[in-house]
Amino acid sequence: MRHLIRWIIVTALVQCFVLLVLAWLIPGFSLGSAGTALISAAIISIVLALAWPVIMIIAGRFHPALFPIFTFALSGLAVYLVGVVDVEGFRVDSIWVGIVVALGMTAGGVVIGAIFSLDDSTSYTWFVVRPLRKKLVKGPAPATPGILFLEIDGLALPILQQAIAGGYMPTLKRWIDEGSHTLLPWEPDLSSQTSASQAGILLGDNTGIPAFRWYDKPSGKLMVSSKMATARELEHRLSSGEGLLANGGASRWNVFSGDAPDCLCTFSAVGDKTRNISKSYAAYFSNPYSLARMISLLFTDVGRESWQSWRQRRNNVLPRIHRTFKYAFIRGSTTTVMQEASLFMLISDMFRGVPAVYNTFFAYDEVAHHSGIDRPNAFKALSTPDRVFAKLEHATKLAPRPYEFVVLSDHGQ
């Protein structure tokens, strides 16, 4: 109860500040005073909290491509109707203004939370996890535990140990301290990179993958691990049909499928119409909170990368490489967009009772290649998957079957 009260107070103050900024920026939206902003923030937050589950149900009846249109329109209508309430000085001129205000409140709250490291677990549970559970949990599931394989790309054991000791990964530290998990090392073979390691883990065989890029004499062509055509051909060669995920499992953000029947964002399975894709993931785009949250975190991380790159240049940190503005968006995509999508997918998978899921988190690998494997920027990139793990742990309490977590890496750098 104390945690809930603290969350309500912090949320009200943050949203009050956001509303004052929005009233200054947006024509057609005005507030009378700071007191009005506080009352309005409370009313709008309550209305949206009650309305969004209904909005998701209504939007879910239409084609997925129309989800964002209907959800934004209905959210704007909810804010516009709040303007009808007789709060002195509070004015919303139209539904269009209401849409901007609704998205701005979510985005502003997320950005402030990201900058000041405020925990948004309660908000995420209320606006994302609860509606997903209501939609996806369909009766009892097997009592046998399911497994989530959570791979952190490119993470070596000594770096992980430093991150845990430095306080960057409190969730993993707690699991180790409580005895639910044990930290164990393992070594990849001479081709220490993702395609070779994931082929071994997911398919049980990585024969014929000598490097990230190589000339394949039997086929007479250049093979590049990051190309979808290469991934498809390698899986065709190596798959025995009995991979790690063959018995009803799911593959998310991987190079190879592990023979999973359900694949999403898996290189070797892109365009394969024989694979199943659950329509529940379209709900990601029908949830105004998760969509605005993802966009806000993306631009926050773009700003963070620009700041960190400038600091390296100012302090003449060596060695270093040139980090472009284009790279800032590439980094933001791996550290926020892909991780937010992974979190949503994995929670959906748990609520659907999928027996085994393998998901790759690329954020650390991307940042470490550009910032350095053991520099503060890279360690901070490990904090985000750790927070994802904490949210997944909480979601297991609501899932229809128990789940166990296996956190692993495919290779070190």
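Is Asp301 buried or exposed, and what is its relative accessible area? In this predicted model, Asp301 is buried, with a relative accessible area of 5%. Its partner in a salt bridge is Arg304, at 2.6 Å from N to O. Arg304 is partly exposed, at 30% relative accessibility. Both residues belong to helix 10 (residues 288–314). They are 3 residues apart there, so about one helical turn separates them. The pair is part of a network of salt bridges that links Asp301, Arg304, Glu305, Arg323 and Arg331.

Side chains of opposite charge can pair when their charged atoms come close. The model holds 14 salt bridges. One of them joins Glu393 to Arg174, with the closest N and O atoms 2.6 Å apart. Arg174 is partly exposed, with a relative accessible area of 31%.

Another salt bridge pairs Arg352 with Asp262, and here the closest N and O atoms are 3.1 Å apart. Arg352 is partly exposed, its relative accessible area being 30%. Asp262 has 9% relative accessibility; buried means under 20%, so Asp262 counts as buried.

Aromatic contacts were examined next. A pair of aromatic rings is described by the distance of the centres and the angle of the planes. The count comes to 8 aromatic pairs. In one, the ring centres of Phe149 and Tyr358 are 5.9 Å apart. Their planes meet at 25°, and stacking requires under 30 degrees, so the pair is stacked. Phe149 sits in strand 3 (residues 146–152) and Tyr358 in strand 8 (residues 356–361). The two are 209 residues apart, and the pair links distant parts of the chain. Phe149 and Tyr358 are both buried.

Trp175 and Phe389 form a further stacked pair, with centres 6.3 Å apart and planes at 20°. Trp175 is in helix 7 (residues 170–178), Phe389 in helix 13 (residues 376–396). These residues are 214 apart and link distant parts of the chain. Trp175 is buried, as is Phe389. Together with Phe361 and Phe405, Trp175 and Phe389 form one aromatic cluster.

A charge also meets a ring. The charged end of Lys391 sits over the ring of Tyr124, at 5.8 Å from the ring centre.

How values were computed. Residues numbered from 1 in each chain as written. Predicted model: local features only at pLDDT ≥ 70, side-chain atom pairs only at ≥ 80, totals over all residues. Heavy atoms only, no water. Phe/Tyr/Trp six-rings, centres within 6.5 Å; stacked < 30°, edge-to-face > 60°. Helix = DSSP H or I, 4+ residues; strand = E, 2+ residues; numbered from the N terminus. Buried < 20%, exposed > 50% of the residue type's maximum accessible area, 1.4 Å probe, protein only. Lys NZ or Arg CZ within 6 Å of the ring centre and 35° of its normal. Salt bridge = Lys/Arg side-chain N within 4 Å of Asp/Glu carboxyl O.
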